[in-house]
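The following account is intended to be read alongside the sequence and the coordinates.

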Amino acid sequence: MTFKRIQFYFMSTNPSSLPVESYDVAIVGAGPGGAMCALGLKASGLRVAVLDKATFPRDKICGDALSGKVSEALSMHSPDLLKDFERFSEKLSTTALRLVSPRGDCLEIAFTPRHYSGSALGHISTRLAFDNFLVEKLRGAPNISLLKSCRLNSLSVDATGAHLFCNNRIIKTKLVIGADGAHSLVAKRLANFTVDPRHYSAAVRAYISGIRDTRPENYVEFYILKDILPGYLWIFPLPNGMANVGMGILSSALHKQRLNLRDKLLEILSTHPLIAPRFKQATIVDGVKGFGLPLGSRRFQISGERFMLVGDAASLIDPLTGEGIGEAMLSGNFAAKQVLDCFEKNDFSAAAMRRYDDAVYGRLWNSFQLHSFLQKVAATPLIMNFLVRKISRSTAMKEFVASMVEDFDARKKLASPSFYLKLLFE
Ligand SMILES: Cc1cc2nc3c(=O)[nH]c(=O)nc-3n(C[C@H](O)[C@H](O)[C@H](O)COP(=O)(O)OP(=O)(O)OC[C@H]3O[C@@H](n4cnc5c(N)ncnc54)[C@H](O)[C@@H]3O)c2cc1C
C-alpha cells in the first residue's frame, strides 16, 4: 500500500468523524432473512435499524427458486403477507419437475394440488424482484430505519450493548441480528465462524433467454452429472421467457477436482446431448456469476450474548437442494420472536438466546440431517441411475415420490434399505 493510499484509508475510516446513532436492534442485511426479522418487529415499537451495503432493488446470485418454506414463513408472519405474495406478479409458478440421471434417463413428475398446499408446488422469481417485494413491506414503518449503502466494517459487543462501525455511521444498539449472508462478518466476529469445505457449496448461475422446449407446466429441471458430484445443474424458467441456469457442487469436491465451475457450465451447455440442442439459439444475458452456499449439514451455536445469526449467516442452506431463501425467512421469524422476548424480560444473555437456536434447529435440523444423507446417496451415479430408471417406469412410485414433497415421513423412507429392496423387485 502506498503512503497516499494508507492516508486515504485512515481519513475515510476514522470512526471519530462519523455520526453516532442509537437503536434498540440493528439488523445487518436486508435479504430475505433480515427483512423477515424486521417485519416481525414492525409493530413492536422498538427502534430498529436495517442496514445493507446495497441499495434495493439489488441482485443476489441465486437459482431464484422459492420453495414451500417461503410460503410457510410468509404465512407464519401473517396470512395477509402470504396473500400479498400470491398477488405478486413478478413470479412464475411451477407444478412439475424433471430429474435427469447421470446416464440420461428422465423422471418427470407433474404435481397436482393434492401434493402441495397453497397455489403451486413452488415459484421462481428473480431475487431483484422478490427481495425488493419484502423490503417494500418495511417502508413507511415509523420504528424502522432502512439504511441503504451502509456497509458494516467491524463490530464489538460487550455486556452493555454493541457498537457497529459502518462506512457512513456508527450504530449503538442493544441487540445485533447478523443477516449478512454467506460471507457474514457478524458470524465471523461473534460466532468465530470459519468455512469448512465439507459443509459449503460453490455455485454459478446465468440468466439465459431463447432456450427451446420449455413447457407450459414450467418444469424445474435438475440434471445429475457424474463430473459434478455431490451437486447438480438446474434450469429454472422465469417470467418473460428467461431462465435461471446454474450449477453447484460441494466445495471439498470442487477443490479436489480443481474445477472451474463457470467454464464447466458453458462446456455442458454446449456439449451435453440432452441440453446442448435446446441452447443452440440461447443468449446469456448478464454473464455467469458465482457465490458460496453455507450448508446446514453441521450444527453450531447461532446466537450468543446480544446477538443472533439468521439465514446464510447461520449456515441454514439445505444440504441436498441448496435452498436457503425459505430457511432464511423462517429463521428471521424466529429471531424476531426472540428479540421481543429479550426486551420483555430485559435479558440479552447467551442463555436466553439459546431458545432461538432451539426454535431454528427444532424446525430444520431433522430435514438437514436426512438431506445430508441423501446428498451422499445422490452423489453415487449407480444409485441415481437405478432410482431414476425404476421410478420413471412406475406410476405408483411416481405418486409416492410426489407425496414426499410435503410429507417428511415419506421422505425418510429414502434413507431406508427396504425402500431400495422394494424398488429392486418392482
Ligand atoms: C448460485 C446460488 C443458487 C442458489 N439457488 C437457490 C434457490 O434456487 N433457492 C433457494 O431457496 N436458495 C438458493 N440459494 C441460497 C440463497 O441464495 C440464500 O440461502 C439466501 O439468499 C439467504 O438469504 P439471507 O437473507 O440469509 O442472505 P442474503 O440474501 O445473501 O442477504 C444478505 C444481505 O446482507 C447484505 N450484506 C452483506 N454483508 C454486509 C455488510 N458487511 N454490511 C451491510 N450489509 C451486508 C447484502 O448486501 C445482502 O443484501 C442459492 C445460492 C447460490 C449462491
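In this predicted model, R169 forms a salt bridge with E21, and the closest N and O atoms of the pair are 3.1 Å apart. R169 lies in the loop between β10 (161–166) and β11 (170–178), whereas E21 belongs to strand β1 (residues 20–28), so the pair ties together parts that are 148 residues apart in sequence. R169 has a relative accessible area of 14% and is therefore classed as buried, the cut-off for that class being under 20%.

The background to such pairs is simple: side chains of opposite charge can pair when their charged atoms come close. A search of the whole structure finds 23 salt bridges, and several others deserve attention. The side chains of D84 and K137 meet in one of them, at 2.9 Å from N to O. Because D84 lies in helix α4 (residues 79–87) and K137 in the loop between α5 (127–136) and β8 (144–147), this pair ties together parts that are 53 residues apart in sequence. D84 counts as partly exposed, at 24% relative accessibility; K137 is likewise partly exposed, with a relative accessible area of 23%.

R103 and D105 also join their side chains in a salt bridge, with an N to O distance of 3.4 Å. Here D105 counts as buried, at 17% relative accessibility. Elsewhere, salt bridges link R98, E108, E221 and R278 in a network.

Attention now turns to the sheet. Seven strands form an open sheet with mixed pairing, in the order β6-β5-β13-β14-β15-β12-β16. Its edge strands are β6 (106–110) and β16 (283–294), each of which pairs on one side only. From one strand to the next, the twist averages 15°. At the β16 end of the order, strand β12 (residues 200–209) pairs with β16 in the antiparallel sense over 9 bridges. Within these strands, S201 stands opposite L293 of β16.

At the other end of the order, the loop between β5 (96–100) and β6 contains S101. Is S101 buried or exposed? S101 is buried, with a relative accessible area of 2%. Leaving aside neighbours within four places in sequence, the contacts of S101 are I224, M384, N385 and V388.

Strand β6 also takes part in packing with a helix. In helix α12 (residues 395–403), the buried residues are M397, F400, V401 and A402. These buried residues of α12 pack against β6, α11 (381–392), α13 (408–412) and α14 (417–424).

Two packed helices are described by the angle between their axes and the distance between the axes. For helix α2 (residues 32–40) and helix α9 (residues 325–345), the angle is about 35° and the axes are 7 Å apart. The crossing of α2 past α9 is right-handed. On the α2 side, the contact is made by P32, G33, M36, C37 and G40; α9 contributes I325, A328, M329, G332, N333, A335, A336 and L340.

Key: Residues are numbered from 1 along each chain as its sequence is written. This is a predicted model: local features need pLDDT of at least 70, side-chain atom pairs count only at pLDDT 80 or more; totals for chains, interfaces and linings use all residues. Side-chain values use heavy atoms; hydrogens and water are left out. Axes are lines fitted to C-alpha atoms, for helices over the stretch in contact, and angles run from 0 to 180 degrees between N-to-C directions. Helices (H or I, at least four residues) and strands (E, at least two) are DSSP runs, numbered from the N terminus. A crossing is left-handed if the near helix is turned anticlockwise from the far one by less than a right angle, and right-handed if clockwise. Contact means heavy atoms within 4.5 Å. A salt bridge is a side-chain nitrogen of Lys or Arg within 4 Å of a carboxyl oxygen of Asp or Glu. Buried means under 20% relative accessible area, exposed over 50%, partly exposed in between (1.4 Å probe, protein chains only). Two strands pair if DSSP finds at least two bridges between them.
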